Structure formats: C-alpha cells, structure tokens
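Subject: Structure handover

Hello,

Here is the structure I promised to pass on. Please open it beside this message, and read on for what turned up.

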Amino acid sequence: MNKLNLKQAFSCARTEFIKWVCDARMIILGVLVIFIYTFAIEPLLKNAEEMGEPLNMLEPFIAIANSGAILLIISLVFLTLIADFPKIDTNTVFYIIRVGRMNWLLGQIIKLVMMALSYLAFIFAGAVIPMLSKGFWYNGWSNVATQYAVRFPEKTGNFGVQLLPENLYNQLSVFSAAIQSYLLVFAYLMIVGLLLLAFSLVKKKTMGFVLCGAVISLGTTFCSIKTELMWSMPMANSIIWLHFTKYFRQPVVSLTFSIIYLCTFIAALIVLCVAAIKKFNYDNVAEIAA
C-alpha cells in the first residue's frame with residue numbers, strides 16, 4: 001500500500017477536486033469576475049473606444065496578470081477558496097492509511113495543480129470572453145496599448161495605460177507575454193497552496209494560513225514601493241513587466257532567475273511535505289486545524 005500508485009493518486013485528486021468545484025464558496029468567483037471587468041477590462045475598453053481602435057483579445061488577461069493590485073485580489077481569493085486545503089478529518093486519516101501516505105500526498109499535490117490551473121483558466125475566460133466581439137486575435141499589440149499615451153499625452157496617468165506599461169509591449173510579443181504570465185502566476189499560486197499543505201501536515205494550519213497572507217501582503221507592499229526586497233517574494237517574480245525597463249532589452253532581473261526561484265521554492269516545499277507526511281501522526285487529528 002506504500003508504493004506509489006498514480007492511478008490511486010489521480011483518483012484521490014479527482015474526487016476531492018470535484019468536491020472543491022461544487023463548494024458553495026465558488027460564488028466568490030462571480031464577484032471576482034465583476035471586479036476584474038470593472039478594474040481591468042472596462043478601463044481598456046474605454047481607451048479603445050476613445051481611440052476608435054480594437055484591443056487584442058489577450059491584452060486584458062495580460063493586464064490582469066501584471067497588475068500588482070489585481071494580483072493581490074486574485075491571490076487572496078485563491079487563498080480563501082483553498083482555505084481548508086488539505087481537508088483532514090478522522091475519515092481522511094482512514095483513507096490515508098488505506099491508500100498510503102505518499103499516494104495521498106501525491107493526490108493532494110495533483111489536486112492543487114488542478115485547482116490552480118482551473119482557477120486561472122476561469123480568470124482567463126473571464127478576461128477573454130468579453131473581448132470576443134470587441135477585439136482581434138493576433139500576435140501583436142494593439143494601437144490602444146502602444147499609442148494611447150502618445151495620442152493623449154495628457155492622460156498618461158490613465159489606469160488603462162498603467163495596466164499595459166511599456167515594459168511589456170516593448171519587450172515581449174502578446175502570445176509570449178500571455179503564456180509566461182499564466183505560468184508564472186500559476187507557480188505563485190502553487191507556492192501559496194504548498195505552504196498551506198506543508199504546515200497542515202505538521203499540524204500548524206493556522207500558522208500556515210497566516211504565513212500565506214504575509215507572503216501575499218509583503219510581496220504586494222515590496223512591489224508597490226519598488227524595493228529590491230521584492231525579488232525575495234514570489235509576487236514580484238511572477239509579474240513580467242517588473243523584470244524589464246521601458247525601452248532597453250537588458251532586464252532588471254532576468255526571467256530565468258525568477259523561473260529558477262519559483263521552481264526551487266516549489267521543490268523545497270514539496271520536499272518539506274514529503275518529510276512531513278512520513279512523520280505524520282494520526283493521533284489528535286484536530287491539531288491540524290490549530
């Protein structure tokens with residue numbers, strides 16, 4: 001029972017993922033979509049209407065994934081949705097004994113991957129669907145993104161302009177920016193989930209939840225004041241435009257560094273989870289929530 005069994009792990013992940021999707025808390029996603037539309041899509045659409053030009057359909061999603069303020073909300077909502085991850089009670093303990101510790105842990109990690117990917121897919125759909133009749137699909141930035149500030153220099157402080165800074169469209173193609181944004185934010189959400197998992201396995205879930213909140217809030221604060229300390233936090237490493245200057249190709253911090261940072265962080269947390277599950281004590285399961 002202690003041998004790794006991918007079929008059992010996927011079965012465990014699928015069952016728990018379905019329960020998660022059907023949870024009443026998912027109503028929060030409706031509020032999140034409204035927030036995203038109001039604070040990210042609407043400003044861009046207003047700029048597009050003012051210029052009489054269409055947007056690239058991927059630009060709203062890129063803007064969402066590269067806005068510190070919006071990413072703060074996205075990460076906090078994700079933390080709220082997975083607040084009880086992993087859910088461990090007396091019945092779960094019997095399940096762990098039956099399938100084996102490592103299979104259960106692998107199932108939880110797979111579930112986390114599914115939750116993070118589907119959460120971002122929902123956000124992506126919420127950003128792209130409203131653009132289907134108002135935008136174009138092409139690996140090039142719209143004139144709204146690149147020329148609005150030139151045509152209306154008095155409106156350079158416009159929030160829609162700030163959502164797509166020069167650091168993005170002068171350095172990357174649209175497709176590249178969208179794909180990299182998705183993957184980097186995914187890695188950020190994985191770190192949040194793995195922190196919860198690791199601390200739950202050592203029966204310090206509340207501490208893990210507080211630490212997740214601290215990582216999110218400190219990352220947002222450091223990014224907002226542009227201190228070098230921001231590169232010690234996952235958030236800055238998941239926001240692409242922070243890596244570049246406005247005009248020059250030489251990066252402020254290379255994306256390679258951020259990829260290594262995020263992957264190392266994830267790997268270290270997985271190792272910690274493996275060590276914790278091996279020593280997991282089935283007694284006093286109630287302590288997990290403490």
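Which helices each supply at least two residues of the lining of the largest pocket? They are helix 2 (27–51), helix 4, helix 7 (143–151), helix 8 (159–163), helix 9 (166–169) and helix 11 (205–225). Please keep in mind that this is a predicted model.

The pocket

The volume of the largest pocket is about 610 Å³. Its lining is made up of 34 residues. Nearest the centre of the pocket lie Val161, Gln162, Leu163, Pro165 and Trp241. Helix 7 gives the largest share of the lining, with seven residues.

Helix 1

Start with its length. Helix 1 has 16 residues, 6–21, and at 1.5 Å a residue these should span 22 Å. The C-alpha atoms at its ends are 22 Å apart, so the model agrees with that expectation.

Now look at its sides. Ala9, Cys12, Ala13, Glu16, Phe17 and Trp20 are buried in helix 1. Viewed down the helix axis, these buried residues fall within an arc of 125°, so they line one face. The face turned away from the buried side carries Lys7 and Lys19, which are exposed. What covers the buried residues? The cover includes helix 4 (68–81), helix 5 (90–99) and helix 6 (101–128).

Check the start of helix 1 too. There, asparagine 5 has a side-chain oxygen within 3.0 Å of the backbone nitrogen of lysine 7.

Glutamine 108

This residue belongs to helix 6. Is glutamine 108 buried or exposed? Its relative accessible area is 0%, under the 20% cut-off, so glutamine 108 counts as buried. Setting aside neighbours within four places in sequence, glutamine 108 is in contact with Cys12, Glu16, Phe85, Pro86 and Leu197.

Serine 75

Serine 75 sits in helix 4. Its relative accessibility is 0%, so serine 75 is buried as well. Leaving out residues up to four places away in sequence, serine 75 touches Tyr188, Leu189 and Ile216. A polar atom of the serine 75 side chain lies 2.9 Å from the backbone oxygen of leucine 71. Another pair to look at is serine 75 and cysteine 212. They are 137 residues apart in sequence, with 9.6 Å from C-alpha to C-alpha.

Helix 10

Helix 10 runs over residues 174–201. At 1.5 Å a residue, its 28 residues should span 40 Å. Its end C-alpha atoms are 41 Å apart, so the two values agree. How many residues of helix 10 are buried? The count is 23 of 28, and the helix is mostly covered. Just after helix 10 comes lysine 203, with a positive phi of about 60°.

Best wishes

How values were computed
Residues numbered from 1 in each chain as written. Predicted model: local features only at pLDDT ≥ 70, side-chain atom pairs only at ≥ 80, totals over all residues. Heavy atoms only, no water. Helix = DSSP H or I, 4+ residues; strand = E, 2+ residues; numbered from the N terminus. Expected span 1.5 Å × (residues − 1). Buried < 20%, exposed > 50% of the residue type's maximum accessible area, 1.4 Å probe, protein only. Arc of directions from axis to C-beta. Contact = heavy atoms within 4.5 Å. Polar contact = N/O pair within 3.5 Å; in protein donor to acceptor, adjacent residues only side chain to side chain. 1 Å grid on protein atoms, 1.4 Å probe; cavity = no way out; pocket = protein on both sides within 12 Å on 5 of 7 lines; lining within 4 Å. Points joined across faces, edges and corners; volume = space filled by probe spheres on them.
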